[in-house]
Amino acid sequence: KRNDAPGFAGLDFDLDFFQFGNDSLGHSAGDSLLVSTARRLLSVIRPGDTVARMGGDEFAVLVSDIDDESDTAQVAERIHKLFNQEFSIAGRGIYTSASIGVAVATPHYESPDELLRDADLAMYRAKRSATESTVIFDTTMHQAAIARLNMETDLRRALARSEFVVFYQPIVTVDDQRIVAFEALLRWRHPDKGLLAPDSFLA
């Protein structure tokens, strides 16, 4: 901000199925995989970019001097290609992959933590996606994370306050109009939003 520097972005990624590898091959093999990943990563980043291991199997890359999101997409693609070749770990060949989240710096960011937080949110969106291995952060992700946090807090309070109620809907035969069963329907008697149906909170 002081120097009106060129654009930059944060990439956050971790190794898919890393815990499975740790459990099956042991922690020393997992450590070897992290070292091998770091070496490959250093071989493909651009001069001036910065790589850090954030902890566990999570890495971050500070991508500097970018013009737009397409520059970060190219860096992400190079990282994905690192995992096209097998790793030789503990005397055997293994493959892994990465889920990458990208946050492009904009004037509204006030601290590095905010940029990393949003790259992390995008990474977890990538991990949950069946089709995208790289996700670029947008503000709706942060809004969704805040909404989920608020919802989980409200749900715990609702349980403590006995705000959930059950309605029984009769199931009636068409022929003779007899009640043959009941369907139990959960509703949340929310103090501010009124009576909520399950589709607004079960997920």
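Serine 162 is found in the loop between α5 and β8 (164-172). Helices (H or I, at least four residues) and strands (E, at least two) are DSSP runs, numbered from the N terminus. At 59% relative accessibility, serine 162 counts as exposed. Buried means under 20% relative accessible area, exposed means over 50%, and partly exposed lies in between (1.4 Å probe, protein chains only). Phi of serine 162 is near 55°, a positive value in a residue other than glycine.

The model is predicted: local features need pLDDT of at least 70, side-chain atom pairs count only at pLDDT 80 or more, and totals for chains, interfaces and linings use all residues. Residues are numbered from 1 along each chain as its sequence is written, and side-chain values use heavy atoms, with hydrogens and water left out.

Aspartate 65 also has a positive phi, near 55°, and is likewise a residue other than glycine. Aspartate 65 lies in strand β3 (residues 58-66). Its relative accessibility is 52%, so aspartate 65 counts as exposed.

The chain as a whole comes to five helices and 10 strands. Its radius of gyration is 24 Å, well over the 17 Å that the globule rule gives for 203 residues, so the chain is more spread out than a compact globule. The radius is taken over C-alpha atoms, and the globule rule is 2.2 Å times the number of residues to the power 0.38. Along its principal axes, the C-alpha trace spans about 75 × 50 × 35 Å. Buried residues make up 31% of the 203 residues. Contact means heavy atoms within 4.5 Å. Among contacts between residues at least 6 apart in sequence, 55% join residues at least 24 apart.

Two packed helices are described by the angle between their axes and the distance between the axes. Axes are lines fitted to C-alpha atoms, for helices over the stretch in contact, and angles run from 0 to 180 degrees between N-to-C directions. The axes of helix α2 (residues 27-44) and helix α3 (residues 69-82) come within 10 Å and cross at roughly 140°. That makes α2 oblique to α3. Angles under 35 degrees count as roughly parallel, over 145 as roughly antiparallel, 65 to 115 as roughly perpendicular and the rest as oblique. In this pair, Arg40, Leu41, Ser43 and Val44 of α2 meet Arg78, Ile79 and Leu82 of α3. By class, the contact of α2 with α3 has four nonpolar, one polar and two charged residues. Ala, Val, Leu, Ile, Met, Phe, Trp, Tyr, Cys and Pro count as nonpolar, Asp, Glu, Lys and Arg as charged, and the others, Gly among them, as polar.

The axes of helix α4 (residues 112-128) and helix α5 (residues 139-160) come within 10 Å and cross at roughly 85°. That makes α4 roughly perpendicular to α5. Arg117, Asp118, Leu121, Ala122 and Arg125 of α4 make the contact with Met141, His142 and Ala145 of α5. These residues divide into four nonpolar, one polar and three charged.

Glutamate 114 has its place in helix α4. At 23% relative accessibility, glutamate 114 counts as partly exposed. Leaving aside neighbours within four places in sequence, glutamate 114 is in contact with His108 and Tyr109. Tyrosine 109 is found in the loop between β6 (98-104) and α4. At 7% relative accessibility, tyrosine 109 counts as buried.
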